[in-house]
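Hello,

Here is the structure I said I would pass on. My notes on it follow below.

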Amino acid sequence: MINLPKTYEPKRVERKWYTLWEERGYFKGRTDSGKPAYSIVIPPPNVTGSLHMGHALNCTLQDILTRWKRMKGFNTLWLPGTDHAGIATQNVVERQLAEEGKTRSDLGRTAFEKRVWEWKKIAEDNILSQIRKLGCSCDWSRQRFTLDEGLSRAVREVFVRLYEEGLIYKGEYLVNWCPRCRTAISDLEVEFAPTQGHLWHIRYPVKSSDEFLVVATTRPETMLGDTAVAVHPGDGRYRHLRGRTVVLPLMDREIPIIQDTFVDREFGTGAVKVTPGHDPNDFEAGRRHQLPIVKVIDEDGRMTADAGAFAGLDRYQARRQVAAELERLGLLEMVEKHDHNVGRCQRCSTVVEPLVSTQWFVRVKPLAQTALQAVEEDSTVFVPGNYTKIYSDWMTSIHDWCISRQLWWGHRIPAWTCEDCGHSTVARTEPEACSRCGSARPVQESDVLDTWFSSGLWPFSTLGWPDRTRDLETFYPTSTLVTGFDIIFFWVARMMMLGLRFRGDVPFRRVFITGLVRDQHGQKMSKSKGNIIDPLEVIEEYGCDAVRFTLAVSAAPGADIPFSIRRMAGYRAFCNKVWNGARYLLLNLDQGLTADEEEIGRLWEQGSLRLEDRWILGRLQQINQDTERNLERFFIHSASNDLYHFFWHEFCDWYVELIKGRIGGGDTVAAQVAAHVLERSLRLLHPFVPFLTEELWQRLPHAGETIMLAPFPEARPEWIDQDDIDRMTQLQELITALRTARAENNIDPRRRLPAEFTCSFPVRGFLESQSHHLKNLARLSEIEFQDGLGREGLRITGLANTTQFALRLDEAPDLAAEKDRLQRQIGRLQEDRSRLDRKLDNENFVRKAPAHIVDGARRRRQEVGTKLKRLQDMLHGLPEP
């Protein structure tokens with residue numbers, strides 16, 4: 001007998017086991033193991049604060065996969081780390097400085113960078129502590145940071161090689177500019193949202209005529225930088241203006257009327273202003289027509305000197321004043337309300353300003369083509385598969401990637417410009433002198449690289465590249481990437497491009513896409529809505545295993561997760577059920593008992609097992625098979641849900657109840673089967689609830705130091721006897737129906753009643769052999785088998801599968817309740833029959849579904865019809881109340 005505490009104490013157990021696991025090095029990947037490798041690199045959290053429930057989901061799923069593969073005998077590596085997150089982290093520290101009444105300029109670059117490094121230490125320690133509290137079995141000896149020396153070296157190497165191959169260039173281009181962050185940002189970092197605005201219709205005087213060309217714009221302040229007006233070449237309304245010019249209102253500058261197919265003839269008047277300095281479409285049109293670029297808005301969102309009388313104004317002040325001046329001059333034809341999409345900075349929500357700027361770019365088309373082909377050839381597979389098309393569509397329409405950012409925190413671009421001759425040098429290390437003129441005054445670029453540039457190298461830079469390391473040889477390509485759909489383009493696509501370019505192989509074989517964790521109402525979690533759930537707070541209250549299991553059972557691939565505290569309380573109850581079920585068995589089993597599989601096999605072959613023993617062993621094998629199959633498909637939600645129902649409802653609620661009398665009577669066969677099923681169940685559950693299972697497994701007979709390294713159970717298909725499972729299902733349905741009939745008629749659960757059964761001869765033989773279970777679990781005093789149920793006397797009747805039953809009473813039953821019960825059963829069966837009718841009436845189903853599925857539906861419909869008739873007969877046979 002082994003005595004466990006009455007209640008499970010997660011805090012004590014979690015702290016004890018995680019410390020031991022880490023100290024003993026169970027998490028470490030080996031380069032000399034000889035086992036097949038399974039590797040995951042963590043999507044590195046940003047060092048901006050702490051983890052949220054999305055991180056908790058991602059970490060939980062990665063840990064489930066890693067623990068499962070480790071138990072399957074793989075040499076596992078789950079590599080942890082964090083991301084410097086340039087713009088996001090810089091914003092955090094700048095907000096801190098603002099609270100002190102300071103700016104980064106007050107500190108200067110060196111002191112500011114020191115301040116960010118100090119913040120990084122605080123945030124990173126907090127994040128890594130949270131990851132540990134989630135039970136994550138990361139190899140902490142390989143922890144990395146995107147700005148550590150090794151990764152910085154990899155970043156410089158990639159930059160220089162791409163530059164030498166002509167795939168990185170510096171040029172003037174229209175970029176998305178955030179006036180608040182004062183940096184260029186990529187297209188992916190711009191979030192568009194419908195906004196109610198206005199459409200201003202402005203008259204542009206046609207040169208040397210009384211005619212006006214009316215153009216419509218949502219941004220009248222940018223007209224100050226117009227260098228043309230465009231019409232569609234097929235628009236007959238403006239054919240007579242071909243080759244003419246207009247006078248730009250307010251600026252008195254003559255600009256040409258050009259023809260271009262980018263013009264939408266249906267928008268406004270069919271004539272549009274062309275502002276190459278402040279609109280992406282206009283920029284491209286300007287290139288096609290060799291138009292000059294006039295920049296009228298600067299990096300702070302203010303009007304430049306080229307804006308004439310409006311110079312110095314904020315862009316929105318300028319909008320109002322330009323509109324007012326146009327109206328005063330009679331050049332504003334009309335203003336109408338107009339809804340359109342406005343792009344905002346993902347980090348600070350400031351409206352983005354398209355600006356022409358000198359930036360560094362990557363030519364991505366050659367890289368994208370290889371990455372696209374790899375997915376088409378299934379070298380990398382997306383789960384769920386619909387994300388393959390999303391990825392492919394984006395990769396085929398990809399534009400050059402602006403990689404320079406006007407920030408201080410990040411990887412400085414490894415390019416130096418000579419202050420004397422202006423020559424630019426791109427190098428892996430700082431040049432001592434200019435390679436052209438020999439000057440000792442080369443100055444490094446002040447810009448840093450886009451965060452996603454270094455993150456794109458994560459799968460191989462973390463393993464030691466550009467050196468040829470044992471880690472790279474062993475663990476690259478990685479096996480699985482678990483990530484959210486929202487960073488497929490930011491991160492996944494770039495890892496694919498750069499991994500193929502510099503390692504000659506994809507960075508991961510499979511990509512498991514998760515949904516977003518939302519609140520219980522399906523709303524996105526945000527501080528403004530007040531619905532944020534802190535992972536540490538819920539772990540503190542409910543325990544790590546309950547939080548993990550809640551996330552796992554909800555994690556259908558690609559689907560959003562409505563996370564509710566009530567649901568988590570339910571899965572804490574499951575953890576308690578596992579604890580209490582194990583506690584009961586450990587209290588009642590001989591301490592020297594073995595759960596050895598060979599002994600169970602011997603008992604099976606000898607015929608020493610009863611129906612309930614063979615049934616639970618068969619179901620265990622089926623659950624084992626299903627768990628393996630579901631984990632391979634990333635159906636982690638199905639695997640965890642199946643284990644939940646098996647352990648709680650089949651093992652505890654049925655098997656343990658069925659064998660209590662046998663265990664009490666010293667039946668060693670029942671005890672051995674129970675111990676075997678418990679031990680195997682703990683191993684199946686371990687990847688999902690690691691702490692609870694380790695604590696219980698250590699109390700059971702076992703081999704090895706830790707459940708972490710114990711083999712994941714292998715199913716024994718020869719132990720699956722479908723006839724036994726069907727017979728047990730029949731017995732369960734009858735006991736459940738008897739219990740329901742008693743409960744609905746408010747019969748004291750302790751009171752034993754005599755019962756009559758009417759069924760076929762084979763079923764009678766089976767039920768007679770199980771009469772001890774019927775009497776015990778349905779609380780029956782005696783059982784009689786009749787050819788037909790009599791109507792005399794007081795009784796409650798019912799039907800379970802093909803068996804009719806009657807419970808004899810000493811006093812009259814509640815006939816109204818009995819009638820209501822039968823009507824509800826009839827109603828459920830009628831719904832089943834209607835559903836089956838619809839399915840079998842569907843020609844597509846009958847023609848395309850596998851034959852055994854169609855035959856099963858037909859058999860089910862026939863069974864439902866038989867049950868329905870018997871219940872209706874029973875209802876009609878009830879006396880009037």
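In what order do the four strands of the open sheet stand? The order is 6-5-14-16, and the pairing is antiparallel. Strands here are DSSP runs (E, at least two residues), as helices are (H or I, at least four), and both are numbered from the N terminus. Two strands count as paired if DSSP finds at least two bridges between them.

Before the rest, two remarks on the source. This is a predicted model, in which local features need pLDDT of at least 70 and side-chain atom pairs count only at pLDDT 80 or more, while totals for chains, interfaces and linings use all residues. Residues are numbered from 1 along each chain as its sequence is written, and side-chain values use heavy atoms, with hydrogens and water left out.

Strand 5 (residues 168-178) and strand 14 (residues 353-362) are joined over 10 bridges; E172 has T358 in strand 14 as its bridge partner. Strand 6 (183-185) and strand 16 (401-402) each have a single partner strand, so one side of each has no neighbour in the sheet.

Q732 lies in helix 23 (residues 722-744). Q732 counts as buried because its relative accessibility is 12%, where buried means under 20% relative accessible area, exposed over 50% and partly exposed in between (1.4 Å probe, protein chains only).

Regards
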